[in-house]
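Student: I have a model open and would like to learn how to read it. Could you take me through it step by step?

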Amino acid sequence: MDLNLKGFGKQLTIFSIVLFALYGALVIVLPSRFVSDLYWAFVPFFYVVILVSRIAMAEKGKRKKSFDITFISTTVIRFILYVSILLFYSFRRPDDAVPFIITFFVFYFAFTLFEVSYMYRDLKTRNN
């Protein structure tokens with residue numbers, strides 16, 4: 001694991017802990033109809049997916065030309081995974097589908113924003 005990956009892992013862990021704590025407090029305050037039955041699984045799920053995809057990009061994308069293909073492949077695989085989970089859970093548990101989908105997209109947006117901002121800072125420092 002290179003230093004860049006260690007830094008990413010550390011910042012992702014801190015971000016995930018803060019997000020988990022904020023969401024835990026929100027779950028206590030919100031009425032139960034707005035909280036998905038799988039409220040506890042969102043942060044760990046996105047944490048693992050983002051970390052594994054970052055490790056895959058670091059391993060496969062050591063060469064500049066290979067990074068582009070690896071990034072696009074990783075993004076497509078994650079998209080298919082996300083859509084599959086949303087569809088599967090929504091059809092399997094229609095009573096919990098709306099809170100699940102809304103919560104999923106909130107966490108998707110938060111983790112994507114974190115990942116893009118980190119990647120932007122990383123690429124900016126590499127180019128300088």
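Tutor: Gladly! Let's begin with burial: a residue is buried under 20% relative accessible area, exposed over 50%, and partly exposed in between (1.4 Å probe, protein chains only). Here D95 counts as exposed, because its relative accessibility is 63%. This is a predicted model, so local features need pLDDT of at least 70 and side-chain atom pairs count only at pLDDT 80 or more, while totals for chains, interfaces and linings use all residues. Residues are numbered from 1 along each chain as its sequence is written, and side-chain values use heavy atoms, with hydrogens and water left out.

Student: What is the secondary structure of the chain?

Tutor: Helices (H or I, at least four residues) and strands (E, at least two) are DSSP runs, numbered from the N terminus. The chain has four helices and zero strands, giving the pattern α-α-α-α along the sequence. Its C-alpha atoms fill a box of roughly 50 × 30 × 20 Å along the principal axes. Of its 128 residues, 33% count as buried.

Student: How do I read the buried residues of helix 2?

Tutor: An α-helix has 3.6 residues a turn, so residues three or four places apart point the same way. In helix 2, the buried residues are F42, V43, F46, V49, I50, S53, R54 and M57. They cover an arc of only 140 degrees around the axis, which puts them on the same side of helix 2; the arc is that of the directions from the helix axis to the C-beta atoms. As for length, helix 2 has 19 residues and reaches 27 Å from its first C-alpha to its last, close to the 27 Å expected at 1.5 Å a residue. That expected span is 1.5 Å times one less than the number of residues.

Student: Which residues is F104 in contact with, leaving aside its neighbours within four places in sequence?

Tutor: Contact means heavy atoms within 4.5 Å. With those neighbours set aside, F104 touches F42, F45, F46, Y82, I85 and L86. F104 sits in helix 4 and is buried, with a relative accessible area of 2%. From F104 to Y82 is 9.0 Å, C-alpha to C-alpha, though they are 22 residues apart in sequence.

Student: And how many salt bridges does the structure hold?

Tutor: Side chains of opposite charge can pair when their charged atoms come close. A salt bridge is a side-chain nitrogen of Lys or Arg within 4 Å of a carboxyl oxygen of Asp or Glu. The structure holds three. In one of them, E115 pairs with R78, with the closest N and O atoms 2.8 Å apart. This pair links distant parts of the chain, E115 in helix 4 and R78 in helix 3, 37 residues apart. Both E115 and R78 are buried.

Student: Where do R93 and D37 lie?

Tutor: R93 and D37 form a salt bridge at 2.3 Å, N to O. R93 lies in the loop between helix 3 and helix 4 (97–127), and D37 in the loop between helix 1 (3–29) and helix 2 (42–60), so the pair ties together parts 56 residues apart in sequence. R93 is partly exposed at 29%, and D37 is partly exposed at 43%. R93 also forms a salt bridge with D95, the closest N and O atoms being 3.9 Å apart. Shared partners join D37, R93 and D95 into one network.
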